[in-house]
Amino acid sequence: MSVQSAAADVDVDLRQLFASLARNWLRIVFVTLLVTGLAFAFAWLATPYYKATAKLEIGSRESEYTRPPGTNDDDKPILDEQGVATQVQIISSPDILKQVATKLNLDKLPEFDETLKMSSLGRVLVLVGLKSDPFDIPPDERVLNAMHDKLNVYAVEKTRAIAIEFASKDPKLAAAVANGIAEAYIASKSDAKLESNAAATNFLAPEIADLQNRVRDAEAKVAAFRAQSDLLMGGNNSVLPTQQLSELSSELSRVRASRAAAEASAESVRRALRNGGSLDSVPEVLSSELIQRLRERQVELRANIADLSTTLLDNHPRIRALKSQLADLDGQIRNEAQKIIRGLSAQAQTAKAREDQLIADVNTLKAASARAGEQQVQLDALQRDANVQRQQLESYMASYNAVVSRKDRRYSPVAASLIAQAQVPSQPYFPKIGPITGAAAAASLLLMAIGTLLGELFSGRAMRPAAGARFTDIEQVAMPAARTEPIVAEIEDDHSPFAPYETSMASERRPERQPPIAQNETFEADTVAAEQPVPEPEPKPGPSRLGEIDVDRAAEKLIGSGAARAIFVSPEGDEAAASAVLVAREVSDAGLRVLLLDLTASGAASRPMLDSSLFPGITNLLASEAQFSDVIHPDLYSDAHVIPVGTADPVRAMRAADRLPIIMQSLTTAYDLVVVECGPADAQGIGRLVGDGTEVFLSMLEADDQVTQAAVKLIENGYPNLTLVTPVGHEPPGTPVPGRRSAA
């Protein structure tokens, strides 16, 4: 059974569609002119309103000559977007508006107080309750409400400027109110600064007096502690014991170096005398003047001996006398060296004694310096406290002097200035006759054109058959004709529940399917049939039955029993699935919420309801590719809903078949009846679908062995209350769309 969409059978005839504009041009033009005239009259008769705008700059206006000492341009606050928005709210605050209203006597003007000149229409609206009585509102609040309606304060984008717009029937009043609001805002900021200065002086005066007393006490404590502890300050801003300790340490180092040098020199001279070496290499010996003169005399004697040795022998008395003098000189040099050694030793001992004395003095000064350090810490703490209080006092006094001078001179620079005064407007901003009339004409023309096109489209006159579309009779699903013999109520048979079928099997025949007839041929056949008398059909032997019921009785049974689930098994295949579709539609027409779940392999039950097999369905839900809202679709021919087979992989979906009971439970909670078409399933296959309030039906077209065996197996496997239902003879209401197949 193929399914086609009706949308593919017709096309929109654009020529016919737009020709409707030409056919209805008179109505379109009339309505357009009427709306345009009304708009022109409204714009012409409306009271003109004028709008004036004043602009403020938010920023510091402090001069560098009047700026308090110690501040600069970097210290002034910079307003961000939130700060400018805050100033906007301050400008439109009730306090500012009250000042302007009082100054300009706005409460005496009917424009701002409706009670002064209330129209008859307004009184009627108040009487019928469509408008609040203005007399119930206080006069000040009425004026403020009117001003708020006409006032617009906003921050100019990407600037620190604020625009104040005010609209009024009087252009001069509009400019006066805008300028008055700006001036009142600046005055309020100035008054706020003066109040802040007065509060600052009231705070600083007693605080300065208290600080002066505290500074005086702190400095007195510093002086008393310094005198008590005898902390005399030396050079480099340090106490005297510490400075003396430093000097003694330097002297001790110098004495130790001198002693070490004297001991080393004495040892070198002593080593030279002991080893018989030359004394010429010893610096102390060389620096002695006596030794130098002896050395000169020794050199002179050696020169004389050398001269005389050329003429005299060694034993000559004169040479012997000279050598004796030379030996005496060597002895004198050694004696002088011994004296030098004794002098150096005495010098070293003196340095050692001096060193011991210095060490004792250093130890004494260390203890004194430690005590002085502890006292210095306490003194520094007292001094630091005094300095902090002194600095705070100086800061307060500087601020106090600046504030007092500004207060006395009433100088308070405001961080706002009027950069553009509101000028008296010469042209009203409302109403604009040209734009209002043009917009009304364009809108009415467009709406009338759209309405005409939609009316033509919905009426069907703009539709034409699609290219290649053929309108033929509806091809019905091959099913038996309606039974005309009376239903056998009950037939007793102890051995088989289907005895009527066995006794009349031979007499049942299925009608053959007739070929489709063209539309014109159908009309001619109907005409001929209307003119000719219809012969009465010859009686035929009625077929035997299995005790089945028709679609109507099946629907009545489900409604009467209050069943929540209806399981349909169709052993004959896809054609028998029409029973589930028809029963679902019948129950839905009765006013219940019905859902059909298609579990057939081919989607035979859902295709007649959706005209397509490409919708997501139960396989997508089982495969976790979709949600309930994605797989539930409305039936095209009834109020029932349907879940088709879907487009997911069936193998993957069957892996999650254990979720079917959960899905069924959710569906029965949301719907009054869930109809499940299972196709040629067995008792085990429908086990997951059965629950509380379940009715099992076996759909049949012909009472053959296949149907009998399927019914017997279901009864034997736990479904004794099986009901057989057949769609044969059921005529669905309404006429299907040409070109579509019917599920009936």
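Trainee: Why is S168 called buried?

Mentor: Because its relative accessibility is 0%, and buried means under 20%. Keep in mind that this is a predicted model.

Trainee: Where is S168 found, and what does S168 touch?

Mentor: S168 is found in strand β4. Leaving out residues up to four places away in sequence, S168 touches Y49, Y50, E111, L173 and A174.

Trainee: What makes the pair S168 and E111 a polar contact?

Mentor: Their side chains are joined at 3.0 Å, and the cut-off for such N or O pairs is within 3.5 Å. The side chain of S168 also reaches the backbone nitrogen of D170, at 3.3 Å.

Trainee: How do you know that strand β4 is largely enclosed by the rest of the structure?

Mentor: Count its residues: 8 of the 8 in β4 (residues 161-168) are buried, so the rest of the structure largely encloses the strand. A161, A163, E165 and A167 point one way, I162, I164, F166 and S168 point the other way, and all of them are buried.

Trainee: What makes β2 and β3 partners of β4?

Mentor: Bridges. Two strands pair if there are at least two bridges between them. Strand β2 (residues 50-58) has 8 bridges to β4, and strand β3 (residues 151-155) has 5, so each passes the test. Both β2 and β4 and β3 and β4 run antiparallel. For landmarks, L56 stands opposite I162 in β4, while Y154 has A163 as its bridge partner there.

Trainee: Is K158 buried or exposed?

Mentor: Exposed, because its relative accessibility of 82% is over 50%.

Trainee: Which other residue has a positive phi though it is not glycine?

Mentor: S624, with phi near 60 degrees. The place of S624 is the loop between α18 (618-622) and α19 (628-631). S624 counts as exposed too, because 59% relative accessibility is over 50%.

Trainee: Why is the peptide bond from F430 to P431 called cis?

Mentor: Its omega is near 0 degrees. Most peptide bonds are trans. P431 sits in the loop between β5 (416-420) and α12 (433-459).

Trainee: How do you know that the span of helix α10 agrees with 1.5 Å a residue?

Mentor: Helix α10 (residues 289-308) has 20 residues, which should span 28 Å, and its end C-alpha atoms are 29 Å apart, which agrees.

Trainee: And how do you know that the buried residues of α10 line one face?

Mentor: Start with the list: I291, L294, Q298, L301, I305 and L308 are the buried ones. Seen down the axis of α10, they fall within an arc of 105 degrees, so they line one face of the helix. On the other side, E289, E296, V299 and D307 are exposed.

Trainee: In what order do the 8 strands of the open sheet come?

Mentor: The order is β7-β14-β13-β8-β12-β9-β11-β10, and the pairing is mixed.

Trainee: What makes β7 and β10 edge strands?

Mentor: β7 (549-550) and β10 (633-634) each pair on one side only. β7 does its pairing with strand β14 (residues 723-726), in the parallel sense, over 2 bridges. That count meets the cut-off of at least two, so they pair. D550 has T726 in β14 as its bridge partner.

Trainee: Which strands does helix α16 touch as it packs on the sheet?

Mentor: Helix α16 (residues 578-589) touches β8 (565-569), β9 (594-598), β12 (673-677), β13 (694-699) and β14, and its direction makes about 165 degrees with that of β9. Helix α21 (residues 660-670) packs on the sheet as well, touching β8, β9, β11 (641-643) and β12, at about 140 degrees to the direction of β12.

Trainee: How many helices and strands does the protein come to?

Mentor: There are 22 helices and 14 strands. Of the 744 residues, 36% count as buried.

Conventions: Residues are numbered from 1 along each chain as its sequence is written. This is a predicted model: local features need pLDDT of at least 70, side-chain atom pairs count only at pLDDT 80 or more; totals for chains, interfaces and linings use all residues. Side-chain values use heavy atoms; hydrogens and water are left out. Helices (H or I, at least four residues) and strands (E, at least two) are DSSP runs, numbered from the N terminus. Contact means heavy atoms within 4.5 Å. Axes are lines fitted to C-alpha atoms, for helices over the stretch in contact, and angles run from 0 to 180 degrees between N-to-C directions. Buried means under 20% relative accessible area, exposed over 50%, partly exposed in between (1.4 Å probe, protein chains only). A polar contact is a pair of N or O atoms within 3.5 Å; within protein, one must be able to donate a hydrogen and the other to accept it, and residues adjacent in sequence count only if both atoms are side-chain atoms. The expected span of a helix is 1.5 Å times one less than its number of residues. The arc is that of the directions from the helix axis to the C-beta atoms.
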